Amino acid sequence: MSSHTTHTSLAERFASLAPHVNANACLVHRGRALTADLVVVVGTARFLLRIHQGEVAEVTQRFALFHPCALFVQGTAEAWERLWDQVPLPGWHDIFALHKRGEMVIEGDTRLLFSHLQYLKDVLEMPRHVPAGA
Amino acid sequence: MNDRIEPIVGRYIHVDVLSETCRIYFEECGQGIPLLCLHTAGSDGRQFRHLLSDGAITGKFRVIAFDMPWHGKSYPPVGFHERDYELTTERYVATIRAFSAALGLDRPVVMGCSIGGRIVLQLAHAHGAEFRALIGLESADHQQPWYDTGWLNRPDVHGGEVCAALVSGLIAPQSPSEYRHETLWQYKQSGPGIFKGDLYFYRVDSDLRGKLGGIDTAATPLYLLTGEYDFSCSPEDSIRTAETIPGAKVTLMKELGHFPMSENPAQFRKYILPVLDEIAAL
């Protein structure tokens, strides 16, 4: 599989996040106090992830340059691919593990990050629970 | 005997630690060699509930797990409301030794996890002769921090939720969901500022790099066991530490994280039983 195909597949997996998050009533409930825009970079693909009261309102690659965002999360393609493995390898299994090894950058409103940490982890890890191609 | 009742028994003991009287809660099960278990930062002795119920262990060992003061069912000392909690190396060592003496334990084995894994190194260095063997789970002389502990106790961030959310990444993906969430529940229940205060010891007061000389592993065997998914104390950290202590034995535990005895007891016992068998044969 070429790296281009891999990147496209990863982007597609992230782009299709919304229905899987929103179908999880418990997850949405835990995020009910969160309304925020995040910029998430998956390899070379830049996404605007819009969260409204715990639901994913939109995941789009069409957004203005310097669109204001509460959090910026950037990971290498390898980081996201391994994070989303069904059983990730050690050191690739958590966003803080990835941050510690230099494969992920997390910047912005860190109070928002820590206030909603488990919810945000669960949203960003959601593709792990959705088979690629589903 | 009602088979719905577990064999674990819990009691309170009054212990003087550095001129402070502490009412310490402990649980025990088994008979034989005393095995004193030390819980991780921000949690309590419930982490050892599976070990305490394991007949293969309690048949040879008197397994004892106590809640450090300020944790679990061990209240803080009188006047606690007028100060912040910070664990120091001095107080941690004193608490363990005072508790052991209060119970009259004869050269116990001490097994500690995380901060407990760090303190067994200090015990080996400064008080080795008092112990039959020492076991460090997720243990190393030093770890690089991966977040600022200020986030653990703030009025605008839910302490229980953030403590659990941070450590959730330290649990192996293979660990059963039931025990993952039980482990995290313990963190959600911890008192305000307690996890942060424990990490004062871990991050500030106990950098043991270069300070562990003189450990006699022939007299007091030292075992270090670390889960492969632990990125707080990584296997590399434990291996590096063991390389500075002649005779220390290191084991990498597959499919385990930072809370091996709590997050996946079935997987953990594959690693700990041979160690305990070796100790029992000493």
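**Close-up views of a predicted two-chain model**

**View 1. Chain A as a whole.** Of the 134 residues that make up chain A, 34% count as buried in this model, which is predicted rather than determined by experiment. Chain A is built from 7 helices and 5 strands, and, read from the N terminus, its elements follow one another as α-α-α-β-β-β-β-α-α-β-α-α. The radius of gyration of chain A is 14 Å, close to the 14 Å that the globule rule gives for 134 residues, so chain A is as compact as a globular protein of that length. Taken along the principal axes, the C-alpha atoms of chain A fill a box of roughly 40 × 30 × 30 Å. Among the contacts in chain A between residues at least 6 apart in sequence, 66% join residues that are at least 24 apart.

**View 2. The sheet of chain A.** The open sheet of chain A contains 5 strands in the order S3-S2-S1-S4-S5, and the pairing within this sheet is mixed. Strand S3 (55–60) and strand S5 (104–108) of chain A stand at the edges, and because each has a single partner strand, one side of each is left without a neighbour in the sheet. A residue pair to look for here is Val39(A), which stands opposite Phe72(A) in S4(A).

View 3. Ser9(A) is found in helix H1 of chain A, which covers residues 3–15. Ser9(A) and Leu120(A) are separated by 111 residues in sequence and, C-alpha to C-alpha, by 22 Å in space.

**View 4. The contact of chain A with chain B.** To this contact chain B gives 17 residues and chain A gives 15 residues. On the side of chain B that touches chain A, the residues divide into 11 nonpolar, 3 polar and 3 charged.

**View 5. Chain B as a whole.** The secondary structure of chain B comes to 10 helices and 8 strands. The radius of gyration of chain B is 17 Å, close to the 19 Å that the globule rule gives for 282 residues, so chain B is as compact as a globular protein of that length. Along the principal axes, the C-alpha atoms of chain B fill a box of roughly 50 × 45 × 40 Å, and 51% of the 282 residues of chain B count as buried. Of the contacts in chain B with a separation of 6 or more, 75% are accounted for by residues 24 or more positions apart.

View 6. The open sheet of chain B has 8 strands, arranged in the order S1-S2-S4-S3-S5-S6-S7-S8 with mixed pairing. Strand S1 (9–17) and strand S8 (249–253) of chain B stand at the edges, each with a single partner strand, so one side of each is left without a neighbour in the sheet. Strand S2 (residues 20–29) of chain B pairs with strand S4 (residues 61–66) of chain B in the antiparallel sense over 4 bridges, and Glu28(B) stands opposite Ile64(B) in S4(B). Helix H3 (residues 89–102) of chain B lies across S1, S2, strand S3 (33–38), S4 and strand S5 (109–113) of chain B, and runs at about 120° to S1(B). Helix H8 (residues 235–242) of chain B also packs on the sheet, where it touches strand S7 (222–227) and S8 of chain B, and its direction makes about 165° with that of S7(B).

**View 7. The crossing of H5(B) and H6(B).** The axes of helix H5 (residues 159–168) and helix H6 (residues 177–188) of chain B come within 7 Å and cross at roughly 140°, and the crossing of H5(B) and H6(B) is right-handed. Gly160(B), Glu161(B), Cys163(B), Ala164(B), Val167(B) and Ser168(B) in H5(B) meet Leu184(B), Tyr187(B) and Lys188(B) in H6(B). The residues of this contact of H5(B) with H6(B) divide into 5 nonpolar, 2 polar and 2 charged.

Note on methods
Residues are numbered from 1 along each chain as its sequence is written. Chains are lettered from A and ligands numbered from 1 in the order in which they are written. This is a predicted model: local features need pLDDT of at least 70, side-chain atom pairs count only at pLDDT 80 or more; totals for chains, interfaces and linings use all residues. Two residues are in contact if their C-beta atoms, placed from the backbone, lie within 7 Å. Ala, Val, Leu, Ile, Met, Phe, Trp, Tyr, Cys and Pro count as nonpolar, Asp, Glu, Lys and Arg as charged, and the others, Gly among them, as polar. Two strands pair if DSSP finds at least two bridges between them. Helices (H or I, at least four residues) and strands (E, at least two) are DSSP runs, numbered from the N terminus. Axes are lines fitted to C-alpha atoms, for helices over the stretch in contact, and angles run from 0 to 180 degrees between N-to-C directions. A crossing is left-handed if the near helix is turned anticlockwise from the far one by less than a right angle, and right-handed if clockwise. The radius of gyration is taken over C-alpha atoms; the globule rule is 2.2 Å times the number of residues to the power 0.38. A residue is buried if 20 or more other C-beta atoms lie within 10 Å of its own, exposed if 12 or fewer, and partly exposed in between; C-beta atoms are placed from the backbone.
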